[in-house]
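Trainee: Could you take me slowly through a single part of this structure, and then show me what lies around that part?

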Amino acid sequence: MRKLLNGNQAFAYGCLIAKVSFFAGYPITPSTDVYEFFEKEMPKRGGTFVAAESELAAVNTILGATIAGARTVTVSSGCGFSLMQEGISYAAGDFVPLVLLNVMREGAGLGDIPRSQGDYDQMTKGGGNGDYHCIVLSCSSMKDCVEAPAKAFELAEKYMNPVIVTYDSDVAHTMEYVDIPDEIFDKGSAYYDLKGFSRDSARKKLKFVLSGENTPPRYIQNVYYHNKDYDRILADKYDDIEKNCQVADEYRTEDAEIIFVAFSTCNRICLEVVDVLRDKEIKAGLITPVSLYPFPSSTFAKIIASGHVKKFVCVELNILKQMTKDIEYAVKFRVPVETIHSMSTCPTVDEIVYSEVINNV
């Protein structure tokens with residue numbers, strides 16, 4: 001069925017496709033659409049909706065439900081997502097495959113509600129205590145938002161690791177037509193009925209952190225307390241993630257001399273910028289990092305090896321050039337990297353096309 005959806009609605013339908021049967025959350029702009037969707041849909045589909053008293057309660061509620069075998073999700077933004085960091089750190093330490101959505105908004109502290117990408121470092125470098133990474137997947141279109149939950153659960157359950165899906169508030173409320181499987185709306189289908197679904201294979205992986213099957217209550221504990229090989233297990237896991245989970249989309253990069261790098265709302269603008277510059281006979285292209293962690297360094301290495309790129313331009317919505325630093329690390333400073341950035345004001349197509357970064361190629 002073809003439906004006109006915003007990013008938040010598309011993500012929520014993607015969760016139904018992925019058989020999410022348990023949601024706990026606390027409303028906060030600009031992610032509340034997801035909360036409201038599940039408040040309506042979960043009870044009538046046999047799933048569970050929990051209106052938590054805070055973001056801290058929400059993340060710990062899905063932590064428990066995940067351990068019990070449910071496929072769960074929570075969502076937040078800004079300072080609410082910051083309150084979830086302790087629970088995310090526990091999930092990483094206990095090898096629990098949580099999936100969370102962070103709809104980014106501007107500013108530190110309380111911040112404000114306009115679009116931003118200032119949470120980049122918090123998500124990709126770890127916002128809580130200890131040695132861990134979350135796998136981080138970005139969305140730039142409604143199609144991305146629909147498809148991201150299934151991919152997130154696949155990775156979370158493969159690596160027994162938290163996965164964050166993210167986009168900014170403009171993508172959250174931009175509307176596009178997207179195809180949703182008809183079975184989601186058919187009350188007689190297994191997709192509609194979420195009752196009784198459990199992730200048996202993932203639950204079996206948790207046996208080393210659960211007490212015996214017949215010894216209630218089950219409990220979790222940081223893996224390093226009782227696994228002498230923890231250092232090696234953790235290092236091997238993240239080595240595997242960094243080698244095998246890098247994902248990036250490329251647009252017109254085959255001969256590009258100037259390549260933009262952007263995700264979410266900035267990506268949508270840069271797609272048009274590339275076409276406009278190509279019409280002006282300027283060889284432009286675009287890399288969209290789909291995995292923000294692990295950062296798709298292999299894509300940059302491949303393009304640099306081809307020898308045609310003269311400059312990368314990162315377009316991002318934060319003050320401190322957070323993704324730019326990952327690009328510089330990926331290219332090992334062999335090719336210049338410039339940045340067009342601001343906390344929350346997106347550049348227009350014309351502002352980029354006629355900027356100094358283009359004129360100086």
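Mentor: Both faces of β11 are covered, with Ala284, Leu286 and Thr288 buried on one side and Gly285, Ile287 and Pro289 buried on the other; buried means under 20% relative accessible area, exposed over 50%, and partly exposed in between, with a 1.4 Å probe and protein chains only. In a regular strand the side chains alternate between the two faces of the sheet. Counted along the strand, six of the six residues of β11 are buried. Helices (H or I, at least four residues) and strands (E, at least two) are DSSP runs, numbered from the N terminus.

Keep in mind that this is a predicted model, in which local features need pLDDT of at least 70 and side-chain atom pairs count only at pLDDT 80 or more, while totals for chains, interfaces and linings use all residues. Residues are numbered from 1 along each chain as its sequence is written, and side-chain values use heavy atoms, with hydrogens and water left out.

The strand belongs to an open sheet of five strands, ordered β9-β11-β10-β13-β14, with mixed pairing; two strands pair if DSSP finds at least two bridges between them. At the edges are β9 (248–251) and β14 (337–341), each of which pairs on one side only. Neighbouring strands of the sheet are turned by 20° against each other on average, direction ignored.

On one side, β11 (residues 284–289) runs antiparallel to β9 and is joined to β9 by four bridges. Asp249 stands opposite Thr288 here, and Tyr251 has Leu286 as its bridge partner. With β10, by contrast, β11 pairs in the parallel sense, again over four bridges, and Val261 has Ile287 as its bridge partner.

Two helices accompany these strands. Helix α11 (residues 264–279) packs on the sheet and touches β9, β10 (258–261), β11 and β13 (311–316), its direction making about 165° with that of β11. Contact here means heavy atoms within 4.5 Å, and axes are lines fitted to C-alpha atoms, for helices over the stretch in contact, with angles running from 0 to 180 degrees between N-to-C directions. Helix α12 (residues 297–306) lies across β9, β10, β11 and β13, running at about 35° to β9.

A wider look brings in the nonpolar cores, each a set of buried Ala, Val, Leu, Ile, Met, Phe, Trp, Tyr and Cys residues joined through side-chain atoms within 4.5 Å. The largest has 96 residues, and those with the most contacts inside it are Phe38, Phe312 and Ile327. Its largest share, nine residues, comes from helix α7 (residues 142–159). Apart from this core lies another, of 21 residues, which includes Phe260, Ala262, Val274 and Val353. In soluble globular proteins, nonpolar side chains tend to be buried together.
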